[in-house]
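Keep the coordinates open as you read.

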Amino acid sequence: MSDKDKKEKQFLEAYNKFSDAIFRHCYYCIFDREEAKDFTQETFLRAWKYLSEGKEVKNIRAFLYKIANNIIIDNSRKKKSISLDQIIEKGFSPKIDEREKTENYFSGKEIIKIINSLDGKYRDVIVMKYIDDLSSKEIASILDETENNVYVMIHRGFDKVRKILEEQEK
Amino acid sequence: MKIEKKFKNLIKEARKTILFKEEKEGINLNLVKFIKENPVVRNPILERPLYNPETKSSFKIIMNYLFEKRMRAFAFLAIAILLFGGAGISFAAQGSLPGDPLYPVKVGFNEKVLRMVLFSDEAKAKYDIQLVQLRLQEAEKVAVDKGLNSAKTAELKNLLDQHIADAKSHLGNIKNSNAADIIANIDSELESSLAAHSQILGKIADVQKGQDKTAAFVKNILSDVQEKTDKARIDIKNNYSKLSGQSSADILSSAEGKLKSAGNKIKEVANFIENKKSNVSESAYNAAKNNLKIANDEISDGQVLLDAKSYNDAFDQFQAAEQTAQKTKIYVQQGANLKIELNIPEIQIKKDADSENSDSSNINQQDNTDQNRINRINKNISNQVEINPQIKNIIN
C-alpha cells in the first residue's frame with residue numbers, strides 16, 4: 001500500500017471512529033439534526049483538505065473538534081438564537097433506536113432545555129466535558145484557552161446546570 | 001446527590017445521539033469522492049504519518065525510514081505483485097482503462113469488493129451511479145486517446161447498462177418514508193451525469209469527425225448515452241408525478257430538503273471550480289462561474305415558488321439548480337482531466353414568453369423537462385428575484 005493510500009485509509013478510519021462524536025457535538029451546539037449532519041461532513045472535508053496538503057496534526061480528535069467548533073461559530077454569527085419551542089417545533093430526533101424514542105424524548109427535551117439555557121461559553125465547555133467526554137487539556141486546545149480557565153468555566157457551568165435542575169425539582 | 005445522578009442520566013441519554021447508518025454511509029461516500037478529487041499532495045513532509053500517535057515504537061520509526069525512499073516502495077510493490085499476486089494486482093488494476101489487461105480485475109473484483117462494505121440500498125444505488133460516472137470518464141479518456149474499438153465500446157456499454165440496472169434495482173428496494181426523495185435525488189444525479197457526459201462525448205466526436213476511424217465508436221457510445229439520458233429524464237418526470245401525489249406537508253419537507261442539498265451542491269462546486277482554476281482555461285472558468293450564478297438564480301426562483309406555496313414547482317426548481325451545479329462540475333472536471341477545451345455550455349433560463357419558441361438545437365433548451373420547468377416559472381414568477389445573498393458570497 002502506498003503512502004497516499006495509507007493516509008487515505010487512516011483518515012477514513014478516523015471518520016468511522018469520530019463521526020458520531022462530531023455529529024453529537026454539533027447537534028448539541030445547534031439543535032438541528034440536518035445542519036449538524038452538514039457540519040459533520042464539512043468538518044471532515046476541511047480536515048482532509050488540511051491534511052492532504054501535507055500539514056501535520058498531533059491529535060486528530062481535538063483537531064476535528066476544533067474545526068467543528070469553528071464551523072459552528074461561523075454559522076452562529078449568521079443566525080439568531082433559537083428557542084426551545086422552535087427546537088421542539090422543528091422536530092427533536094437525536095436518537096437512533098425507534099423503540100427508545102418515546103422514553104428518550106422527555107430526557108432529550110430536558111437536556112436540550114438545560115444546555116440551551118446556558119451562556120455560549122459555558123454551553124461549549126459543558127457539551128465538550130460531559131457529552132463529548134473530552135479532557136480539560138483537549139478543551140483548552142480546542143478553545144485556545146488555558147487549562148485553568150477551562151476548569152473555572154466547567155465549574156461555573158456545572159453550577160448553573162445544578163441550579164436549573166434544582167429549580168425543576170421544586 | 002440526586003441532582004448529580006439526574007444529570008448523569010441525562011448525559012447518558014444525550015450520548016446515544018448518533019448518525020443514522022444511511023447518513024453515516026452517505027457522508028462517507030461524499031468523503032471518499034472528495035478525497036479522490038483532492039488527493040494527497042506529494043512532498044517530503046508527507047513521508048511522515050498523517051497524525052502522530054501518542055506513542056511511537058522504534059519498529060515504526062525503522063519501518064518509516066525503510067519506506068521513505070520511493071525506489072524501495074516501487075521495489076516492494078513489484079515484489080508484492082510477483083509473490084502475492086491477488087492483493088498487488090488488485091491495487092495495480094485501480095487506474096486501468098478498458099482494454100488494459102488489469103481492467104477486468106478493476107470492474108470484476110475491486111469494485112465488487114468495495115460494494116460489499118455498503119449496507120443500505122441507498123448507499124449501493126449511489127455507488128452504482130458513481131460507477132456510471134467512472135465508466136463515462138473512462139470512455140472519454142479512451143476516446144480522446146483515439147483508442148476506442150468495437151470490443152471496448154461494447155464492454156463500456158454493457159457495464160453502463162449493468163450499473164444503471166443495479167442502481168434501479170436497489171432504488172426499488174427502498175421502502176422507507178423518505179423513499180420518494182431518495183429516488184428523486186439519485187435519478188436526478190444520474191440524469192445530470194448522463195446529460196453532461198453526453199455533451200462531452202459530443203464535443204469529442206465533433207473534434208474527431210472525419211479524422212480517424214475511432215470517431216465512429218465515439219458516436220456509437222454517444223448515441224447510447226443520449227438514449228440513457230432520455231430514459232433518465234422520463235424517470236424524473238415520473239418522480240415528479242409521484243411527488244405531486246404526496247400530502248402538501250410532505251412535499252414542503254421534500255422541497256426544503258432539496259433547497260438545502262442544492263445550496264450545499266452549489267457551495268461544493270464553487271470550491272471545486274476554485275481548486276481547478278489553474279487546470280482550465282479562463283473562458284471555461286468564467287463559464288463555470290456563470291453557470292453557478294444561474295444555479296443560484298434557480299434557487300431564488302424556487303424560493304419564490306416556496307413562498308407562493310407552490311411546493312412541487314419549488315422542489316423541481318431546486319432540483320434544477322442542483323443539476324446545473326452538478327453538470328458544471330463534470331464539465332470542469334473533465335476539461336481539466338482530459339486537457340481539452342470543452343466550451344462549457346452556459347445553461348440559460350429565459351423568463352420571457354418567447355422561450356417556448358427558442359432554438360431547439362441549443363443545448364441549453366434541449367429537453368422538455370427544462371422547457372416545462374421554464375413554463376411553470378413563467379406562470380409563477382412575475383417579478384425579478386434577488387440572488388440568494390449567502391450563495392452569492394460564495395460565488396463572487
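This is a predicted model: local features need pLDDT of at least 70, side-chain atom pairs count only at pLDDT 80 or more; totals for chains, interfaces and linings use all residues.

Start at Glu34(A). The side chain of Glu34(A) forms a salt bridge with that of Lys37(A), at 3.5 Å from N to O. Both residues sit in helix 2 of chain A, which spans residues 33-52. They are 3 residues apart, about one turn of the helix.

Helix 2 of chain A also holds Arg46(A) and Glu42(A), 4 residues apart, again about one turn of the helix. Their side chains meet in a salt bridge of 3.2 Å, N to O. Arg46(A) is partly exposed, at 35% relative accessible area. Glu42(A) is partly exposed as well, at 29%.

Now step back to chain A as a whole. It has 8 helices and 0 strands. Of its 170 residues, 49% count as buried. Take the contacts in chain A with a separation of 6 or more: residues 24 or more positions apart account for 64% of them. Chain A exposes about 8600 Å², and carbon and sulfur atoms supply 47% of that area.

Where does positive charge gather on the surface? Look at Lys121(A), Arg156(A), Lys160(A) and Lys163(A), which form a positive patch. Helix 8 of chain A, residues 147-169, gives the most to this patch, with 3 residues. Lys160(A) is found in helix 8. Its relative accessibility is 33%, so Lys160(A) counts as partly exposed.

Turn to chain B. Here the side chains of Glu189(B) and Lys33(B) meet in a salt bridge, at 3.8 Å from N to O. Glu189(B) lies in helix 9 (residues 179-208) and Lys33(B) in helix 2 (residues 21-37) of chain B, so the pair ties together parts that are 156 residues apart in sequence. Lys33(B) is buried, at 18% relative accessible area.

Chain B also carries a network of salt bridges that links Glu37(B), Lys265(B), Glu268(B) and Lys329(B). Over all chains, the count comes to 26 salt bridges.

End on a nonpolar surface patch. Phe109(B), Val113(B) and Met116(B) make about 320 Å² of it. Phe109(B) lies in helix 6 of chain B, residues 103-116. At 46% relative accessibility, Phe109(B) is partly exposed.

Conventions. Residues are numbered from 1 along each chain as its sequence is written. Chains are lettered from A and ligands numbered from 1 in the order in which they are written. Side-chain values use heavy atoms; hydrogens and water are left out. Patches are made of residues with over 30% relative accessible area and no salt bridge: like charges are joined within 9 Å, nonpolar side chains (Val, Leu, Ile, Met, Phe, Trp, Tyr) within 5 Å. Accessible areas come from the Shrake-Rupley method with a 1.4 Å probe; for residues, only the protein chains shown count as cover. A salt bridge is a side-chain nitrogen of Lys or Arg within 4 Å of a carboxyl oxygen of Asp or Glu. Helices (H or I, at least four residues) and strands (E, at least two) are DSSP runs, numbered from the N terminus. Buried means under 20% relative accessible area, exposed over 50%, partly exposed in between (1.4 Å probe, protein chains only). Contact means heavy atoms within 4.5 Å. Lys and Arg count as positive and Asp and Glu as negative; His and the chain ends are not counted. The place of a charge is taken as NZ of Lys, CZ of Arg, CG of Asp or CD of Glu.
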